[in-house]
Structure formats: C-alpha cells, structure tokens
Amino acid sequence: MSEASVHTLTIAKIAFQDFSHGLSSGDWSLFLDRLSEDFTFWFPAGPFQGWNHGRERAETFFALVSVMFPEGLTLTVQQVTSNATTVVFEVRSQGVLSGQPYENQAAIAFDVKDNKIASYREYLGVVVQLGR
C-alpha cells in the first residue's frame, strides 16, 4: 500500500469514528469539523436525494438524520476498501425508526483531500424497515 493510501485510510478511519459517533449520539460536531470547505455529499433517497453541496447543507442533513433516529444508529463495519483518495466502509446499521426496528446494509465512501473529507456518498440496501 502506498504512503498516500495509508494516509488517506488513516484520515478516513478517524473521520468514520466521528461519523459513527454522530449517528449514535446526535452530536455531529467532530465529524463536521473534518469536512472541507467545498464538501459535497450524495444520498440515494428522500429530501437530500442526489448531490448536495456545502457544509451548511451537510449540517442540515445530519440534523435530520438525528431527528429520524432519536435513539441513534449503531454501525458495525463489515469491510473497508481504500485507494489513494477514497475509502469505502461496508457497514450494517441498527436502530429504531418511527418506533419500529430498523436495519440497513450500506456502503459509505469518503473522499479525502488535504487531510479533510471532501466528499461523502452513501449507498443503501435496507434490510428491515417499516411495513416489514
């Protein structure tokens, strides 16, 4: 693994810990501090579907996630894949959505640039949701 790849993986793993903390606690401040000024994110569904731009838009998105999952979500990493600029975390998440058990399998990609998270993409595969 190249030195650039190792550095990218290190930055992304630290950011992912802060991301996981935000999901479980609703406190996104540590993760938001890791975002670049030109941060973008892609989400596959809902009011944030598609590409979103800017840290303020990210703050609004993550605040909504915390409202939707007031008890938080717990992530379990299944696998990590990386290269010189991107790290992908394959995860399972568990929580409660609208009083019902929620379980999801997802891939979460972070692009790293200048020691910051420049981009976030999430690809969902809902396992258990409302209306089972």
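Colleague: Why is Thr 85 called partly exposed?

Modeller: In this predicted model, Thr 85 has a relative accessible area of 43%. Buried means under 20% and exposed over 50%, so a value in between is called partly exposed.

Colleague: Where is Thr 85 placed?

Modeller: Thr 85 is in the loop between strand E3 (73-82) and strand E4 (86-97). Those two strands form a hairpin with three residues between them.

Colleague: What makes Thr 85 and Thr 86 a polar contact?

Modeller: Their side chains are joined at 3.4 Å. The limit is 3.5 Å, and residues adjacent in sequence count only if both atoms are side-chain atoms, so this pair is counted.

Colleague: Which residues is Thr 85 in contact with, leaving aside neighbours within four places in sequence?

Modeller: Thr 8, Phe 110, Asp 111 and Val 112. Contact means heavy atoms within 4.5 Å.

Colleague: What makes E4 and strand E5 (residues 100-113) a pair?

Modeller: Twelve bridges, again antiparallel, against a requirement of at least two. Glu 90 stands opposite Ala 107 in E5. Their hairpin has two residues between the strands, and Ser 98 takes a positive phi near 55 degrees there.

Colleague: How does the span of helix H1 (residues 3-25) compare with the expected one?

Modeller: H1 has 23 residues and reaches 33 Å from its first C-alpha to its last, close to the 33 Å expected at 1.5 Å a residue. Just after H1, Gly 26 takes a positive phi of about 85 degrees.

Colleague: Which residues of H1 are called buried, and why?

Modeller: Among them are Thr 8, Leu 9, Ala 12, Ala 15, Phe 16, Phe 19 and Leu 23. They are called buried because each has under 20% relative accessible area.

Colleague: Which residues touch the most other members of the largest nonpolar core?

Modeller: Phe 19, Phe 62, Phe 110 and Tyr 120, out of 33 residues in that core. H1 gives the most to this core, with seven residues. Not counting residues up to four places away in sequence, Phe 62 touches Phe 19, Trp 28, Phe 31, Leu 32 and Tyr 120.

How values were computed. Residues are numbered from 1 along each chain as its sequence is written. This is a predicted model: local features need pLDDT of at least 70, side-chain atom pairs count only at pLDDT 80 or more; totals for chains, interfaces and linings use all residues. Side-chain values use heavy atoms; hydrogens and water are left out. Helices (H or I, at least four residues) and strands (E, at least two) are DSSP runs, numbered from the N terminus. The expected span of a helix is 1.5 Å times one less than its number of residues. Buried means under 20% relative accessible area, exposed over 50%, partly exposed in between (1.4 Å probe, protein chains only). A polar contact is a pair of N or O atoms within 3.5 Å; within protein, one must be able to donate a hydrogen and the other to accept it, and residues adjacent in sequence count only if both atoms are side-chain atoms. A nonpolar core is a set of buried Ala, Val, Leu, Ile, Met, Phe, Trp, Tyr and Cys residues joined through side-chain atoms within 4.5 Å.
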